[in-house]
Amino acid sequence: MLKYTGLENKNVLVIGLAKSGYEAAKLLSKLGANVIVNDGKDLSQDSHAKDLENRGVKVIGGEHPLSLLDSNPIIVKNPGIPYTVPLLEAAVEKGLKILTEVELSYLISEAPIIGVTGTNGKTTVTSLIGDMFQKSRVTGKVSGNIGYVASKVAQEVTANDYLVTELSSFQLLGTDRYKPHIAIITNIYSAHLDYHESLENYQNAKKEIYKNQTEDDYLICNYHQRHLIESESLSAKTYYFSTQQEVDGIYVKDGFIVFQGFRIIHKDDLVLPGEHNLENILAATLAALLAGISVRAIIDSLTTFSGIEHRLQYVGSNKTNKYYNDSKATNTLATQFALNSFDQSIIWLCGGLDRGNDFDELIPYMKNVKVMVAFGETQSKFVKLGESQGKYVITATDVQDAVDKIQDAIEPNDVVLLSPACASWDQYNTFEERGNKFIKSFQAHLPSF
């Protein structure tokens, strides 16, 4: 951890406790700042609040008094708190600096930073880069919006590591000097307009990721959205990724992932399915190469990385059949996405809580479905759906029974996909429980040696 002295004896107001506020307050105290934590909730019984008070940090809960601004503090706010709350509006009026805790992570990190943002795919890209580091001699730690507070992880890394940080638009909006050595923008679509008020504001928040980069840094962007940055004054070396054409960066050609003319891996050998994940893989692979991770480690990761738990998660293969756990697909939109991710024949496990809707909107995505296994309250609806499309339909009592019954129907190279399109509560407490039952059932059918 760098011995940053810029906050020593400065008044700092942390607004919003939560995980990031708690870690930020502890770090600020360690850096010698005069810290006050404020949260609109009653914190009298909060264990984190009590711990901070034991450390000498003043904690004020239950209201946001404007008098907190009398000392003209630097503000470190929870990313989810909108700038329209009266306390922050008053702070803006006074011209006070308003930051988020990722700024602190930059100020103290000995490690160079890989920053990942985008509307879709940033969690997968961050996780995949982290997995590549785990399989490499180069070390890196994952942090940020993915669930590990960046300012805490930044205290643990050294100059020989990388700090890989997933960044939301909310976090980026509260940065000042923040500068990743490698910045990734997966894509930018319309999102969070209730917070940012306009698409332009949202886009500008995402662009904060490269505003401080220099010619020694790298920016990785989606080639098909290059118009979003072409008018910008960029200092960093800019690389693109594309699944459709050769670009200055990384791309797919003749089925291979290619960087600077070098073939890395054929896309048929990847375990993360779908065109969207191919883009994520390109971005992560390019960042890993720039960080010095070996091609061997990258290939190892790309052929084993399971993805985000319960979200098109690769759980393994039995002979030539790959199994995917998409238990988090609790609606038809998520299942459309999953069914569209495979070119191979699919054995589709579906069903769950009946909320009164039908499933005809799935029909255009069923072309590769060979077998359907229906269970749960919606079983009869999925049987009717499958039969209407000429599919072979099996009925099962639950997920475990479904995995048992497909063993007689499965053929080489079929993909087994649990993507229920329904909530789990008719048979399971959570979608996680349902997904874990699927994984255990798959494991029960692995050959024993």
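## Close-up views of a predicted model

View 1. A count of ring pairs comes to 13 aromatic pairs, where rings of Phe, Tyr and Trp (its six-membered ring) pair if their centres lie within 6.5 Å. Planes under 30 degrees apart count as stacked, over 60 as edge-to-face and the rest as tilted. Let us start with Tyr83 and Tyr195: their ring centres are 6.4 Å apart and their planes stand at 80 degrees, so this pair is edge-to-face. Where in the chain do Tyr83 and Tyr195 lie? Tyr83 is in the loop between β4 (74-77) and α3 (86-94), while Tyr195 belongs to helix α8 (residues 193-196), 112 residues apart. Helices (H or I, at least four residues) and strands (E, at least two) are DSSP runs, numbered from the N terminus.

As for how the model is read, residues are numbered from 1 along each chain as its sequence is written, and side-chain values use heavy atoms, with hydrogens and water left out. Because this is a predicted model, local features need pLDDT of at least 70 and side-chain atom pairs count only at pLDDT 80 or more, while totals for chains, interfaces and linings use all residues.

**View 2. Tyr323 and Phe442 make a tilted pair.** The two ring centres are 4.6 Å apart with planes at 45 degrees, so the pair is tilted. Tyr323 lies in strand β16 (residues 321-325) and Phe442 in helix α15 (residues 431-444), so the pair ties together parts that are 119 residues apart in sequence. Both Tyr323 and Phe442 are buried.

**View 3. An open sheet is built from 9 strands.** The strand order is β7-β8-β6-β9-β10-β11-β12-β13-β14, with mixed pairing; two strands pair if DSSP finds at least two bridges between them. At the edges, β7 (139-144) and β14 (262-266) each pair on one side only. Inside the order, strand β10 (residues 218-222) and strand β11 (residues 237-242) pair in the parallel sense over 5 bridges. Cys221 stands opposite Tyr240 in β11.

**View 4. Two cysteines are shown in a structure with 0 disulfides.** A disulfide here is a pair of cysteine sulfur atoms within 2.5 Å, and a search of the whole structure finds 0. Cys422 is in no disulfide, and the nearest cysteine sulfur, that of Cys350, is 7.9 Å away. Cys422 is buried, with a relative accessible area of 2%, and Cys221 is buried too, at 4%.

**View 5. Thr126 is buried in helix α5.** Helix α5 spans residues 122-134, and Thr126 has a relative accessible area of 0%. Which residues does Thr126 touch, not counting residues up to four places away in sequence? Its contacts (heavy atoms within 4.5 Å) are Val116, Val142, Ile146, Val164 and Glu166.

Definitions and conventions
Buried means under 20% relative accessible area, exposed over 50%, partly exposed in between (1.4 Å probe, protein chains only).
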